[in-house]
Amino acid sequence: MSIVAKKEFADQISSKRFLALAGVILLITVYTVYQGVQGFYNAYTAGMERPFVSIFGISSSLGFMTFGAFLGLLMGFDLVTKEKEEGSLKTLLSHPVYRDSVINCKAIGAFAALSIAIFLILTISLGILLLYGIYPSFSDVVDVFKFGVLTLAYTFTFFAISLFASTIARNSGTALIIAFGFLILFMAILPIFGEIVAQSIVGPPPRPPSVPPPSMPVPPPSGGSAPVVKIDEGKMPAENEEAKKLWEEYERQRDEYWKKKRAVSDTFSILSPTTNYLALLSSLGTRPIFETKDTTKNLIGFIALPVIFFILSYIKFLRMDIV
Amino acid sequence: MVPTGNVKIIVILLAALLIVGSIESDVKGVNAVPGEVLKFWLTITNDYETKTSVKLSYTAPEGFSGKFFYNGKEVNWIQLDAKESRIIEFWLEVPRDAEEKEYTVWVYALDSTTLRIKVRMPETSIEITPSFSGIRVEAGEKVTIPIELKNKVNTELEVNLSCTVPENWTWRYLDGETEVYRLILKPGETRQLNLEIETDSQADVGEYAVKPKMNNQTTEILVYITKTHKGEKGKVKLKVVGKDGRAVESAQVRAVGAVEETFMTSAEGEAVVELPQGVYSIEVIKNGYFSKEIKDVEVKAGKVKDLGTIVLEKKPYYSELVVANPKLSFTLGTGNPTFRLRMENKGYLDDIFKLKVYGLPENFYYRFKESQESVEGVSEVFVKSGEAKEIYLEVILPYNAEPGSYNLSVKADGNYDMEKTIILVLRGEYVLRLEPVGGRYLVTAEPGKVVELRFLLMNSGRGASVTNLRIDAEVPSGWSVSAEPSQISALMPGDSVMVTVSTVIPSDTLPSEYKVKVKAEGDQTSLQEEFKVVVKEKSNAALIGGAVIVISFLVLLVIYRKFGRR
Amino acid sequence: MIETKNLCKSYAQIKALDNLNLHIEKNEVFGFLGPNGAGKTTTINLLMGMIQPTSGEIRIAGIDVVRNPIEVKKIAGYLPENVGFYRHMTAMQNLTYFAEFYKIDDVRERIDTLLEIVGLAESADKKVGSFSRGMRQRLGLAQALLNDPEIVFLDEPTSGLDPEGAAEFRKLVTWLEREGKTIFFSSHILSEVRAVCKTIGIISRGRLIIKGDIKELTKNLNDSMKIFLETEPQLEDESVLKPFASRIEIVDGDDEGHRRYILECERDCRVEIAKTLFEMGYVVKELHLQEPSLEEIYLRIIQEG
């Protein structure tokens, strides 16, 4: 079992693709960290508290989000097709090795390579932070570790997708196309599709009542210390009461509508690893000061997707006709 | 001479009974002017066969009076021979106040005859002839116009002289030097008068009519104003001198009228006061002199009114107290403030004054000195008439004098009492100064360490101590700060206190330059100084960082050595 | 050594293998003949345990292949048709990798020996991607022999090889035979099989048509050699060929109307023909054996059988 994994790992880390992409990610991350340090400094000197992980540029999607996805994709798309094309798979399988261990070890090797890449990138980033005199606390390091784990899962998701593409495609070119198709599907189409489906399921938003909204207390202009206008409730005219009820009802319906719509579109976007990744990352960066968003669904989607794809690849690989 | 009513009736009765003669007048009716004396020739005939004495009488309305003359003599009775006729002159004087109507007068002599007298006012009883009927003149100028009056009626005329002029113009008639307003003209008499017109200085340029009026007769003279002084002020000129003939300078000349203005006389005692046109009351006031008032001074636009020389009379006691520096600002702690006074005796008698100061707060003292350097005080000063004396007032401040403004009054009581208010402003100088120990405002530190900023806090002001000093510092967020001492109840001028401000730099502070603002706030003044704290990275940070990176690459190398392929 | 009973393999209704019954003895060199698509590779895959049979039993050295494919692989070596390797790895790396699946005491020595045997010692550190087909094939043999297998499956080992290569390969097979290996040699070329194999089986459309000793079979086949010849210039007299051929067939072929000949000979006498023609001043433009196709043999067997 470990024999194949070792070879796969060696293949991965020796491949120019991997080196180039990991290098790009390293450079981007180092640059992001450099920028993050500036931002962190600025925020710090301005007296603001910023989550430590923000240094790694959670909001900047370029590094891990895009290139990480590419990396995962490019690591996996030809793992099976190439062996088929070379005929090496058949040769391999003629030796006493279980077929499932081949696919498992491919995944393990890629996973290990990704882990090491991410680990080293983050370690180097931390080293740079230390060079700048930023001392992470233990919880900061834990956050960075979580960040790394999430990123690993994220990149591995795309690996799983491309591995699946590799098992179903006839050749590497097709596999790459299929893998990219999935990438686009998950990154862009699904969220949009979810929006459309949500729209068609939930229908148009409720209409506001035709009566004008009851006069509301004027909020004091920001910055000024204008007194809050108090409205004498007792003096409110009857029709205002009516309007108030209608508006309250409308607001309730509107909130419900958006909640429903959000639920439907979320169902689709939960299939998007990118959405989940970002959601989980932002929950990572937040401290209890902010309202913590429930990211359980995202986490489930985030974990389920690579698992599902790997299982599909596994089944397909075992049933595959090698001849 | 004038018959009574009874007599008239008798005469009429007699005449009716005894018509034994006749009276004839060739003139039966005549026109007359009031006051005219009419002459009638009456022919009286005696129809008696005998010599008869004839009574001459008349009946006339009230006011009329008549006289009979014969051969130039006034007669009442005449004697006529039988059948004799004689001509009698009858003078009838028309009353001056006769109305314009027909009057009937009966004349009796044996018989009666009726005279009808129609009284009519003559339209032009006087002939008025001005020398000119048009004059060009500058506004405000006087014009004299000779006028000839001639009585055209046969009676003595009393003439009321008047004249209609434009507003604010004046007029008067002069007969030689005498101003006249009424005159009598004998019948046929001619008289020369001068009409003096004073035009209004403010009259606009243009033609004006001046209408001399004699009784009800008028004529018109045109006056053309060639130049106006409208809007101009008039001037009052005067010179003020004392009884000794010396000019009084700086006398107040106060004019009260349309406006109220005050002027001062010059060193020559002269003053020229410009005033808007109007009537003023001018008062000349001078300290030490009795004042003088000149009333009803008419000021005309563009004209100079010369009031000539005004003589003022000196008072016996009069002095002046002059303070050279009535408001003195003085910074506490620089000695004692001194006011310079000067007493001038302007009366004509010598005087002696007692000097005193009122209004000083407790613990404040004073002394009057004859010179600034003198340490001897004086309380009484003798000043000769016409002389002056310099006196210095030194206010002796207690050491705890409070800054503020003090209103004092200096009194010099002699035969003439003087008082002057003086203001003493005492200022404290509050200056706080901060001097870091070693003179450095920049401190280098490491995260997690305590930085001590040591400095001397000084009151380099004068006169007053700064009280209630609170020492605090503004540090970046997360830093803790304390000051020792943090409170100073009072810092005397010139004193200083060593202050230590300690701040703990949190260990997670990023290396950078930080500002620590040290603040010392007292009741009177405050001070803020900025210290710079350069936080350097922990000395081992770069080492660890570098090591982490190196190790990372080593790990990579090992991995490639072990697994990688070329 | 190899025993199959009613072995069947179907791919979606199509019967790739129909009731195959094989019995191969130890140290037997078995030639498995059949046209392309007849089921040769399927059979080998089944025997190697790489695919599962639809029905039937396979036993190799007493091991139930269906239940225990790994055990079979341990004692078997397999040279697939168009053997593939990891192109980015060197010959040595490829072999080292595959060797790791076995317990081999001195892997390095073993690999060196094998490379020496297959004649790739000098190319050991060259990437496989740069190998020619022949080199790959030889490396494939080395790969198949890594575990010193008792049985070696060779699937069309000479296809696409030049004659020299093919000949060398045959030598290796002969060497293996001497080493005491059981060899399962699949080919669609009869002459290949005939050169090395003791026994052959002919398979067509999933069915084993004939099986037995090659000599017996060739006798039955009444076989003769056919040699194709083209010279420059054209032969003036065909009679020069008479001493070699029992029959001369003239084929009009090319655009210029050059005559070409197919000679029916008793044996492979190409060297003599070439020599003779050269001495006569002809240049041999083309000279090759024309095998009797298996279809022919097959048809003949059918006709005769």
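Colleague: Which residue of β21(B) does B:Lys213 stand opposite?
Modeller: Bearing in mind that this is a predicted model, B:Lys213 stands opposite B:Thr218, which belongs to β21(B).

Colleague: What makes β20(B) and β21(B) a pair of strands?
Modeller: Two strands are said to pair if at least two bridges are found between them. Here 2 bridges join β20(B) to β21(B), residues 217-218 of chain B, and the two run antiparallel, so they meet the requirement. In their hairpin, which has 2 residues between the strands, B:Asn215 takes a positive phi near 50°.

Colleague: How do you know that β20(B) also pairs with β22(B), and in which sense do they run?
Modeller: The count is 5 bridges between β20(B) and β22(B), the strand of residues 221-227, and they run antiparallel; since at least two bridges are needed, the pairing qualifies. Within it, B:Ala209 stands opposite B:Leu222. Strand β15 of chain B, residues 157-164, is likewise antiparallel to β20(B), residues 206-214, over 4 bridges, and there B:Leu161 stands opposite B:Met214.

Colleague: Why is B:Asp413 called partly exposed?
Modeller: Its relative accessible area is 36%, and because buried means under 20% and exposed means over 50%, a value in between is called partly exposed. B:Asp413 lies in strand β38, residues 404-413 of chain B.

Colleague: Which residues does B:Asp413 touch, once its neighbours within four places in sequence are left aside?
Modeller: B:Asp413 is in contact with B:Ile352, B:Phe353, B:Lys354 and B:Met418. As for B:Asp351, which is 62 residues apart from B:Asp413 along the chain, the two C-alpha atoms are separated by 9.7 Å.

Colleague: Turning to the two chains, how many residues does each give to the contact, and how much area do they bury?
Modeller: Chain B and chain A each give 26 residues, and between them they bury about 2200 Å², with 71% of it on carbon and sulfur atoms. On the side of chain B, the residues that lose the most area to chain A are B:Leu510, B:Phe563 and B:Arg565, together 28% of what that side buries.

Notes:
Residues are numbered from 1 along each chain as its sequence is written. Chains are lettered from A and ligands numbered from 1 in the order in which they are written. This is a predicted model: local features need pLDDT of at least 70, side-chain atom pairs count only at pLDDT 80 or more; totals for chains, interfaces and linings use all residues. Side-chain values use heavy atoms; hydrogens and water are left out. Contact means heavy atoms within 4.5 Å. Buried area is the accessible area (1.4 Å probe) that two parts lose on being put together, summed over both. Buried means under 20% relative accessible area, exposed over 50%, partly exposed in between (1.4 Å probe, protein chains only).
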